[in-house]
Amino acid sequence: MSGNSEMSPRRPRLAVWKLASCDGCQLTLLDCEDELLAVAGAVDIAYFREATSAAVDGPYDLSLVEGSITTAADARRIREVRAATTTLVTIGACATAGGVQALRNLGDIDDFKKAVYARPEFISTLATSTPIRDHVPVDFELRGCPISKRQLLETLSAFLARRTPNVPTESVCLECKRRGNVCVLVAHGTPCLGPVTQAGCGAICPAFHRGCYGCFGPQDTVNAPPLLTELQQLGLSPPQLERLLRTFNAEAPAFRAAAESLGAGGEK
Amino acid sequence: MTERTIAVDYLARVEGEGALRARLDGDRVEEVELRIFEPPRFFEALLRGRSFEEAPDLTARICGICPVAYQMSASHAMESALGMHVTGTLRELRRLLYCGEWIESHSLHIYLLHAPDFLGFPDAVRMAKEFPEVVARGLSLKRAGNHLMEVLGGREIHPVNVRVGGFYRAPEREELEALRPELEKALGLAAETVRFASGLEFPDVEEDYEFVSLVHPDEYPMNEGLIRSSRGLEIPAARYEEEFEELQVPHSNALHSVRRGGGSYLVGPMARYALNRTRLLPKTRALANDVGLEPVVTNPARSIIVRSLEVHYACEEALRILSTYRRPEAAFVPPPATFEGGSGAAATEAPRGLLYHRYELSRERLIERARIVAPTSQNQKRIEDDLRHLLERQIRADDATLTDACERAIRHHDPCISCATHFLTLEVDRR
């Protein structure tokens, strides 16, 4: 890499890639209405199909990757992206855990194809949806379904300043306390995954009188069994708990293990 | 010698992954294919065995651009299955949330994806260097829509506050009232947007569209109404599958919709406006007259004016809802205590057009079968028809000109490919 952006005439080249996903995480960048033009001034947007028809060939200094690997073509494409990229950051639950489409991993892919398409033989797909780090080395991961705007801007700033992004790995409970939310689990008996879910969203669900549904995936030092016991005492059946754990981060190892420990034996 | 292929391998400034391929033989257009290579994610399959309560949040993940549309169609379809009725203030709050998504999604398309084509730039960032006030206006409008969704829904992408029956928490009057200054400013910016869009230069094109949208006797349609076609059909959502069918084509991971026994049709802003113009609110109707907008827009390029007008409508409607809002006693209508199983269908108006959901539920209220038809899969065949006509008109043009014209023609319809697979690379093949 050449010198820093203030000394070098060349601004860092940013590329934004999309694999199997809903576009929501890359939209988060376009949703930074107040910062978008400043970001575009600090970096050279070399590849971002959703936003521009201009495309510059690599290499790229920073690649943001949205989406999971669900096709052989995408498994090849991510290797090409990695080879052309200095710093690769995966953004969102699809890229970091396989996303909601990873629910196929628990079922039978031919059955899935038949459920949606009259001619399943036209559909080319892998049996699994897997996160990017299962395929290539990843430099940093941003969680969330969708990612947080604040964390995305922090990650871009950190990249420009050549420091590590300040993205906490504490649980949603701490954000809830800071926001001054009343604990929905303790006070209202509302099932909540906050104690085992990584912070970052700003504890939005409890602020709306709803239990956390785990869209930022498992917190680092997750200890699921006590929470699962408490939720069962609240009256949730093992299949209900299993569904709660198996949504957008179903294949994140800690959530998968917790769901399997219930022994509900459901496909999803 | 005269055979050629026009190809765009990866369409830009559309939401999702798609390509276009056209094969030309001399003066004849042999074949036009919009190809959706967005990987399939099998939502209808993964919904099986899930609780009715999970459908709004799970289906929202089909599209990060219009999650509210998925939450609304899913909620209404479930309520239809369970025999629930959401009325009064909760119904108004749903419209308010939808206003936020219409403002955000339309502003994104008008300013960041579509306007660069008219002003001659590859993107809005480069356009901002020459037209900073245009891009700033677009971003302010977009922010107003996002802000509304954040206050009412918790966040702009995949809001968390929607549930079958209503909301998890109804906002305080003060929370919504705090949005008034920004929405009043947005109403002014939206009027400027309509004038800006009306002043753009448009190619002279007329298409003979069959328009399909919801119609409602009292309001411009969002959540409820009958499905009407400009060619004389009017049905409830429950009869949608009798009149419309999805065909699978080998070149695409998206399904193509057609009228049974008929051809392509168009959903979205042009269809809504053509079938519901008289239901617009007074200021928006006056503005349409003021800029001389024709009662039925048949030039797809002029969809940018209609989209702008709908942003104005959504601001006016949001302000109307704010002015009468009183916090309801309950944030939602509870589901019935007993249920014997059954099915329900609903259609609502996503920013890109009619979005149909149908679910079959077991006695345990688990999803046994799900059917989702997104706006872009309904428009896909109609977009191919537009492209065929464009290629026929301009067949003597060189490949680069044709490729550029085709990409622009596709963007007129604001296709959302993530939704459609649930889209484009242009290849022109000349013989």
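This is a predicted model: local features need pLDDT of at least 70, side-chain atom pairs count only at pLDDT 80 or more; totals for chains, interfaces and linings use all residues.
Let me begin with A:D139, which is partly exposed, its relative accessible area being 43%. The side chain of A:D139 meets that of A:R82 in a salt bridge, with N and O 3.1 Å apart. A:R82 sits in helix α3, residues 72-83 of chain A, while A:D139 belongs to the loop between α5 (109-116) and β5 (140-142) of the chain, so this pair ties together parts that lie 57 residues apart in sequence.

A second pair in chain A is A:R163 and A:E154, whose closest N and O atoms are 2.7 Å apart in a salt bridge. Here A:R163 is partly exposed at 40% relative accessibility, whereas A:E154, at 19%, counts as buried.

Turning to chain B, the side chains of B:R358 and B:E360 form a salt bridge with an N to O distance of 3.0 Å, and B:E360 counts as partly exposed at 25% relative accessibility. There is also a network of salt bridges in chain B, which links B:R91, B:E92, B:R95, B:E219, B:E224, B:E317 and B:R320. Over all chains, the structure holds 59 salt bridges.

Let me now step back to chain A as a whole. Chain A has 12 helices and 5 strands, and its C-alpha atoms fill a box of roughly 60 × 50 × 25 Å along the principal axes. How does the radius of gyration of chain A agree with that of a compact globule? For 268 residues such a globule would have a radius near 18 Å, and chain A has 20 Å, which agrees. Buried residues make up 57% of the 268 residues, and among contacts in chain A with a separation of 6 or more, 71% are between residues 24 or more positions apart. The accessible surface of chain A comes to about 10,600 Å², with 53% of that area belonging to carbon and sulfur atoms. On the charge side, chain A carries 27 positive and 29 negative side chains, and the centres of these two sets lie 1 Å apart.

I will finish with one residue, A:R13, which is found in strand β1, residues 13-18 of chain A. Leaving aside residues up to four places away in sequence, A:R13 touches several others, including A:D44, A:A46, A:V56, A:Y60 and A:L62. By contrast, the C-alpha atoms of A:R13 and A:E33, 20 residues apart along the chain, are separated by 21 Å.

Definitions and conventions
Residues are numbered from 1 along each chain as its sequence is written. Chains are lettered from A and ligands numbered from 1 in the order in which they are written. Side-chain values use heavy atoms; hydrogens and water are left out. Helices (H or I, at least four residues) and strands (E, at least two) are DSSP runs, numbered from the N terminus. Contact means heavy atoms within 4.5 Å. The radius of gyration is taken over C-alpha atoms; the globule rule is 2.2 Å times the number of residues to the power 0.38. Buried means under 20% relative accessible area, exposed over 50%, partly exposed in between (1.4 Å probe, protein chains only). Accessible areas come from the Shrake-Rupley method with a 1.4 Å probe; for residues, only the protein chains shown count as cover. Lys and Arg count as positive and Asp and Glu as negative; His and the chain ends are not counted. The place of a charge is taken as NZ of Lys, CZ of Arg, CG of Asp or CD of Glu. A salt bridge is a side-chain nitrogen of Lys or Arg within 4 Å of a carboxyl oxygen of Asp or Glu.
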